Amino acid sequence: MARKRYSDEDILRLLREIELSLASGSDVARACRTAGVSDATSYTWRKRFGGMGRSEMANLKALQKENDRLKKIVAELELDKLILKESLDYLKPKVPLTGR
């Protein structure tokens, strides 16, 4: 059986459905079955997205995007630093060893 990929918004919607089913007196297995996910999946999602709203999800996505952008900048700066260091080593005059 092929795995289905859910978007973050779909996960929030399904978690809300499961919470409503649980509040109406259903057990976890039945609530997950009606939502179409396994118990383990719902527990994993609840641990990851528990208590999160749409605005918090948007903030999380924005922070992840900013973090990725900053990581890319740091990687580029590290590469520039390495190139400059190698060019400095290349341009530095070699001091001959004396006493041999």
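This dialogue walks through some features of a predicted model.

Student: How should I read the numbering and the values here?

Tutor: Residues are numbered from 1 along each chain as its sequence is written, and side-chain values use heavy atoms, with hydrogens and water left out. Because the model is predicted, local features need pLDDT of at least 70 and side-chain atom pairs count only at pLDDT 80 or more, while totals for chains, interfaces and linings use all residues.

Student: How many helices and strands are there in the protein chain?

Tutor: Helices (H or I, at least four residues) and strands (E, at least two) are DSSP runs, numbered from the N terminus. The protein chain has four helices and zero strands.

Student: Is serine 42 buried or exposed?

Tutor: Buried means under 20% relative accessible area, exposed over 50%, and partly exposed in between, with a 1.4 Å probe and protein chains only. Serine 42 counts as buried because its relative accessibility is 0%. This residue lies in helix H3, residues 39–49, and its side chain reaches the backbone oxygen of aspartate 39 at 2.7 Å.

Student: Which residues is serine 42 in contact with, leaving aside its neighbours within four places in sequence?

Tutor: Contact means heavy atoms within 4.5 Å, and with those neighbours left aside, serine 42 is in contact with Leu15, Ile18, Cys32 and Val37.

Student: What is the radius of gyration of the protein chain?

Tutor: The radius of gyration is taken over C-alpha atoms, and the globule rule is 2.2 Å times the number of residues to the power 0.38. A compact globule of 100 residues would have a value near 13 Å, whereas the protein chain has 27 Å.

Terms used:
A polar contact is a pair of N or O atoms within 3.5 Å; within protein, one must be able to donate a hydrogen and the other to accept it, and residues adjacent in sequence count only if both atoms are side-chain atoms.
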